[in-house]
Amino acid sequence: MDRSDDLLLCDRRTVRRIEGPLVFAQDLGSVAIGETASLLLPDGARRRGQVIEIAGRVAVIQVLDETDGMGLDNVRIRLSGAVPTMDLSLDLLGRRFDGSGAPSDGLPPVVPERRESILGR
């Protein structure tokens, strides 16, 4: 369910609480565990996040970047409709990656043989 070209894509201002790297948002509509999100700040900064829990009308988003400057009234949430993926090939062997799958060893990006969800099949 990729929403990248969805004409109905909308940003939501429904943040109810921020605790460390966790953002608690209400009434996000159709949302799924593992879905990626962008948290947009007024200065144009974009923080990456992922939905880690849904309880009733509340979704918990783990922010994968710094939360400095984020407040209840200034964060807009944009859901992607997609789960995180990673490029896979034998070139991964012996390499180091950060938490989002980007190389952290100073070597060039992996030339993928295929792309898979990091959540499994």
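Glu116 counts as partly exposed, because its relative accessibility is 21%. The cut-offs are under 20% relative accessible area for buried, over 50% for exposed, and partly exposed in between, with a 1.4 Å probe and protein chains only. The model is predicted: local features need pLDDT of at least 70, side-chain atom pairs need pLDDT 80 or more, and totals for chains, interfaces and linings use all residues. Numbering starts from 1 along each chain as its sequence is written, and side-chain values use heavy atoms, without hydrogens or water.

Glu116 forms a salt bridge with Arg114. A salt bridge here is a side-chain nitrogen of Lys or Arg within 4 Å of a carboxyl oxygen of Asp or Glu. In the pair of Glu116 and Arg114, the closest N and O atoms are 3.3 Å apart.

The protein chain has 0 helices and 8 strands. Both kinds of element are DSSP runs numbered from the N terminus, with helices (H or I) of at least four residues and strands (E) of at least two. Read along the sequence, the pattern is β-β-β-β-β-β-β-β. The C-alpha trace spans about 45 × 30 × 25 Å along its principal axes. Of the 121 residues in the chain, 28% are buried.

Strand β3 covers residues 36-40. Two strands pair if DSSP finds at least two bridges between them. β3 pairs with β4 through 5 bridges, and the two run antiparallel. β3 also pairs with β6, again in the antiparallel sense, over 4 bridges. Leu39 takes part in both pairings: Arg47 is its bridge partner in β4, and Ile77 stands opposite Leu39 in β6.

The side chains of β6 (residues 76-79) fall on two faces. Ile77 and Leu79 make up the covered face. Arg76 and Arg78 make up the uncovered one.

β4 also pairs with β5 (residues 58-63). These strands run antiparallel and are joined by 6 bridges. Val63 in β5 is the bridge partner of Gly49.

Two hairpins involve β4. The hairpin of β3 and β4 has 5 residues between the strands. In that hairpin, Gly44 takes a positive phi near 95°. The hairpin of β4 and β5 has 2 residues between the strands. There, Gly56 takes a positive phi near 65°.

Side chains of opposite charge can pair when their charged atoms come close. The structure holds 6 salt bridges. One of them joins Asp65 to Arg48, with the closest N and O atoms 2.9 Å apart. Asp65 lies in the loop between β5 and β6 and Arg48 in strand β4, so this pair ties together parts that are 17 residues apart in sequence. Asp65 counts as partly exposed because its relative accessibility is 26%.

The C-alpha atoms of Glu66 and Arg48 are 9.2 Å apart in space. In sequence, Glu66 and Arg48 are 18 residues apart.

Another salt bridge joins Arg95 to Asp105. The closest N and O atoms of this pair are 2.6 Å apart. Arg95 and Asp105 both lie in the loop between β7 and β8, and the pair links parts of the chain that are 10 residues apart. Arg95 counts as buried because its relative accessibility is 17%.

Leu119 is found in the segment after β8 (114-117). With a relative accessibility of 49%, Leu119 counts as partly exposed.
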